[in-house]
Amino acid sequence: MSNFSTDSMARSSIVGLTGGIGSGKSTVARVFSMLGIPVWDADLAGQHLYSENQELQQWVVKKFGKSCGEWSEGNLLGINRKELASIVFSDRDSLLALNQKVHPLIREIFTKWHEWNDQLYSFPYVIRESAILFESNSHMDCSQVISVEAKEPLRIKRVTKRDKWNIEDVEARISRQMQDIERTERSDYVIQNNANDALLQQVLHIHNSLSQSLL
């Protein structure tokens, strides 16, 4: 379960949304967005950081090697996230070092976004979408947490089709992520997102519950 301890003065509650690769959490996030709930995507924020934060870019290539950079005529233009991922996901210490560098920056971006939303709008809650919500301790800022689950064969099928990965790479990534059973134990709501599951009905049920309990 979540352990809400945010230091933000924002009015709207933060609801975490997480799930393993291929679970369909981004699809769930889009449904919440269609219901009028603001959704913040940690992965998208990370992409912007790697492409725009020059200090972070310099740190990455110094720490993990020049192969992690995108270069033009000797100038560092950005980060090769695929190369970086291949390094950090094969070495626990490297992943820990990267997370310790990036997560505080991500949290700062989210806090500013949350406060900005509350200055302009009035919502009962906002969604913080993150594949590593628990691993990054971002759940500590959330009043509730939703996990999205799907059977592993379906997750593998989704990722190989979407990202053009081979099956072995997807299986390796799944094995390095938190397992569904642990997410379930630590979450307030669980959405099943298999082929025959009524996804919209589940999201509507959670939305109605959150809208009432977080007013």
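## Core, helix pair and loop residue

In this predicted model, the largest nonpolar core has 26 residues, and those with the most contacts inside it are Trp40, Tyr50, Val60, Phe64, Leu84, Leu98 and Val102. A nonpolar core is a set of buried Ala, Val, Leu, Ile, Met, Phe, Trp, Tyr and Cys residues joined through side-chain atoms within 4.5 Å; buried means under 20% relative accessible area, exposed over 50% and partly exposed in between, with a 1.4 Å probe and protein chains only.

Helices (H or I, at least four residues) and strands (E, at least two) are DSSP runs numbered from the N terminus.

Ile21 sits in the loop between strand S1 (13-19) and H1. Its relative accessibility is 10%, so Ile21 counts as buried. The C-alpha atoms of Ile21 and Val159 are separated by 7.4 Å, although these residues are 138 residues apart along the chain. Leaving aside neighbours within four places in sequence, Ile21 is in contact (heavy atoms within 4.5 Å) with Arg155, Val159, Arg162, Trp165, Arg173, Ile174 and Gln177.

H1 passes H9 in a right-handed crossing, the near helix being turned clockwise from the far one by less than a right angle. Thr27, Val28, Val31 and Phe32 of H1 make the contact with Leu199, Leu200, Val203, Ile206 and His207 of H9.

Residues are numbered from 1 along each chain as its sequence is written, and side-chain values use heavy atoms, with hydrogens and water left out. Local features need pLDDT of at least 70 and side-chain atom pairs count only at pLDDT 80 or more, while totals for chains, interfaces and linings use all residues.
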